[in-house]
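Thanks, everyone. Please look at the structure on the screen while I talk.

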Amino acid sequence: MFDRQDLPAYLPVVGYRLLIAFAFLEFVLEPRTIARLQLPEPPLGLLMFVRLGLVIWLVPRFARIDTSMLGFRRWREWTKTERSYLVQVLAIAGIVLTLVLAPQWGQTLARHGWTSVVWAGLLPYFAFGFYQEVAYRGILQTELVRHWGGPLGILVSNTLYAFGPIHADYYALPPSTAVPLFLSVFSIGMLFALVFRRSRNLWIVALMHGTGNALIAVGMGNLAF
C-alpha cells in the first residue's frame with residue numbers, strides 16, 4: 001500500500017563515491033580488519049556509534065548529495081500509510097519481543113542493572129542496526145538498483161548483507177546453527193529491502209532494524225562495553 005517513490009537522480013560519479021564509502025565502512029572500518037592490521041581496536045560499542053556517525057554525516061558530504069537521496073525523507077513528506085505502518089510494526093514487535101525475551105531480559109537486568117543495559121546494550125545495538133540499513137539499503141541497494149534494476153539490485157545487496165562482513169562470525173559456527181541464522185538474516189533483510197524499495201523511506205526500515213537489534217541483543221545478554 002506504499003506509494004511508489006522514484007529513485008534519486010544523480011551523476012554516475014556520485015554513485016561511485018557511494019560505493020567507495022560503503023566499501024570503506026564495511027571492509028576497512030570493520031573489527032576483523034582492524035585486528036588483522038594490528039591497529040588499536042576501539043571498544044565495540046564506540047565503533048558502532050562511530051560507524052553510524054560516519055555513514056550519516058560523512059558519506060553524504062563525500063558523495064556530495066543530500067541525505068534525502070539516501071531515503072531520509074522529512075516527516076511532512078510521509079504518507080499516512082507510512083506513519084501507520086511504522087507505529088504498528090514497532091508496537092507489535094516491541095510487545096512480541098518483550099514477551100518472548102522477558103526471562104532473558106530479567107537475567108540481564110539483574111546482572112548489569114538498567115544503566116548498563118541502556119548505555120551498553122540498547123543504545124549501541126540500536127545504532128548498529130540503524131547503521132546497517134543506511135549502509136546496505138540507503139547506500140548499496142539504492143546504487144545497485146539504479147544500475148541493475150529492482151530484482152537484481154535487491155538480490156545482490158541483500159546477499160552481501162546476509163553473507164558479508166557483518167555476519168562473518170556465523171561461518172565459524174556448526175552448520176546446524178549457521179544455516180538457520182543465515183536464512184533468517186537473509187529473509188528479514190529481504191523484508192527490509194522490499195519495504196525500502198517500495199517506500200524509499202529509510203527511516204522506517206532503520207527504526208525497525210535498530211529497535212529489533214537492541215531488544216534481541218540485550219535479551220541475549222550482549223553488552224557492547
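Helix 4 passes helix 6 in a right-handed crossing. Keep in mind that this is a predicted model.

Who meets whom here? On the helix 4 side, the residues include Glu82, Tyr85, Glu133 and Arg137. On the helix 6 side, they include Phe192, Phe196 and Arg197. By class, this contact of helix 4 with helix 6 has seven nonpolar, five polar and four charged residues.

Is Asn201 buried or exposed? Its relative accessible area is 0%, so Asn201 is buried. Leaving out residues up to four places away in sequence, Asn201 touches Gly71, Arg73, Trp78, Glu82 and Phe196. Glu82 and Phe196 also belong to the contact of helix 4 with helix 6.

Now to helix 3, residues 44–63, and helix 4, residues 80–148. Their axes come within 8 Å and cross at roughly 35 degrees. Helix 3 passes helix 4 in a left-handed crossing. From helix 3, the contact residues include Leu44, Met48, Phe49 and Arg51. From helix 4, they include Leu123, Pro124, Tyr125 and Phe128. By class, this contact has 17 nonpolar, one polar and one charged residues.

How values were computed
Residues numbered from 1 in each chain as written. Predicted model: local features only at pLDDT ≥ 70, side-chain atom pairs only at ≥ 80, totals over all residues. Heavy atoms only, no water. Axes fitted to C-alpha atoms, helices over the stretch in contact; angles between N-to-C directions. Helix = DSSP H or I, 4+ residues; strand = E, 2+ residues; numbered from the N terminus. Left-handed = near helix turned anticlockwise from the far one by under 90°. Contact = heavy atoms within 4.5 Å. Nonpolar A, V, L, I, M, F, W, Y, C, P; charged D, E, K, R; others polar. Buried < 20%, exposed > 50% of the residue type's maximum accessible area, 1.4 Å probe, protein only.
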